[in-house]
Amino acid sequence: MITAVALGDGVGAGFTGRAGGVSGPPFDSLNLGGAVGDDPAAVLDNRRRAAAALGADPERTVFMRQVHGAEVAFASSTDLPGPVDAVVTTVPGLALAVLVADCAPVLLADPAAGVVGAAHSGRPGTAAGVVPALVKAMCERGADPARMAAAIGPAACGRCYEVPAEMRDEVAATVPAAYATTSKGTPGLDIRAGVAEQLASAGVTRVTADGRCTIEDPGLYSYRRDGRTGRFAGYVWLKEGT
């Protein structure tokens, strides 16, 4: 259910999967998305289960209202001022969550500076530069790209993420590494490769990527594969007392 990732001493981070929750079809079973039509009580239970499995505090977890943009917010509590697609905090124990079902969840940490961040980077957000915007916001709080560690979570892969040729060209004009060709020989996008390129350009070199494709892996949610479905999440937080 949980894939933990190492982002440095004193930092907790990981990605959830689809199993281990209480939601019924088509959200079965560990749906963490609160705006997909699932039973709110089931979502709340799932969020508690996911946090417990990760070691995070379910009562101190920030969930964004994601809109495929590049706005970044600073979180000092679980309340955010409005829709954003990236969030940063310096508050120990406050977990940041990013919900996805094909887009790339991106987690960042500079343990020495005590700064962590999370971003929702789909096609529009990647083209708009949400991840570079997150790196910049973290630097404004004392982080250094040379010290940062990043984890890019499961996402639709370039072999499967088919788009019109004009759309591929539009994204690749600003993020060349996102240019891809699908297994069918049609135009595609590789969002993870694009995000990795953006991180490298921002000076972040310690980057790991989860190679699982949401469209191919039944253990993950995929909007492009299933339509009405749930959301899994990436979590990152500064551990208290470290």
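What radius of gyration would a compact globule with 242 residues have, and what does the protein chain have? A compact globule of this length would have a radius of gyration near 18 Å, and the protein chain has 17 Å, which agrees. The radius is taken over C-alpha atoms, and the globule rule is 2.2 Å times the number of residues to the power 0.38.

This is a predicted model, in which local features need pLDDT of at least 70 and side-chain atom pairs count only at pLDDT 80 or more, while totals for chains, interfaces and linings use all residues. Residues are numbered from 1 along each chain as its sequence is written, and side-chain values use heavy atoms, with hydrogens and water left out.

**Figure 1. Overview of the protein chain.** The secondary structure comprises six helices and 13 strands; helices (H or I, at least four residues) and strands (E, at least two) are DSSP runs, numbered from the N terminus. Along the principal axes, the C-alpha atoms fill a box of roughly 50 × 45 × 30 Å. Of the 242 residues, 52% are buried. Buried denotes under 20% relative accessible area, exposed over 50%, and partly exposed in between (1.4 Å probe, protein chains only).

**Figure 2. The salt bridge between R18 and D28.** The side chains of R18 and D28 meet at 3.6 Å, N to O. Both residues lie in the loop between β2 (11-16) and α1 (40-54), 10 residues apart. R18 is buried, with a relative accessible area of 15%, whereas D28 is partly exposed at 33%. A network of salt bridges links R18, D28, R225 and D226. A salt bridge requires a side-chain nitrogen of Lys or Arg within 4 Å of a carboxyl oxygen of Asp or Glu, and a search of the whole structure finds 10 of them.

**Figure 3. The salt bridge between R49 and D45 in helix α1.** The closest N and O atoms of R49 and D45 are 3.0 Å apart. About one helical turn separates R49 from D45, because they are four residues apart in helix α1. R49 is partly exposed, with a relative accessible area of 37%, and D45 is partly exposed at 30%.

**Figure 4. The salt bridge between E240 and R60.** The side chains of E240 and R60 meet at 3.3 Å, N to O. E240 lies in the segment after β13 (232-238) and R60 in the loop between α1 and β3 (61-63), so the pair ties together parts that are 180 residues apart in sequence. E240 counts as exposed at 55% relative accessibility, while R60 counts as partly exposed at 26%.
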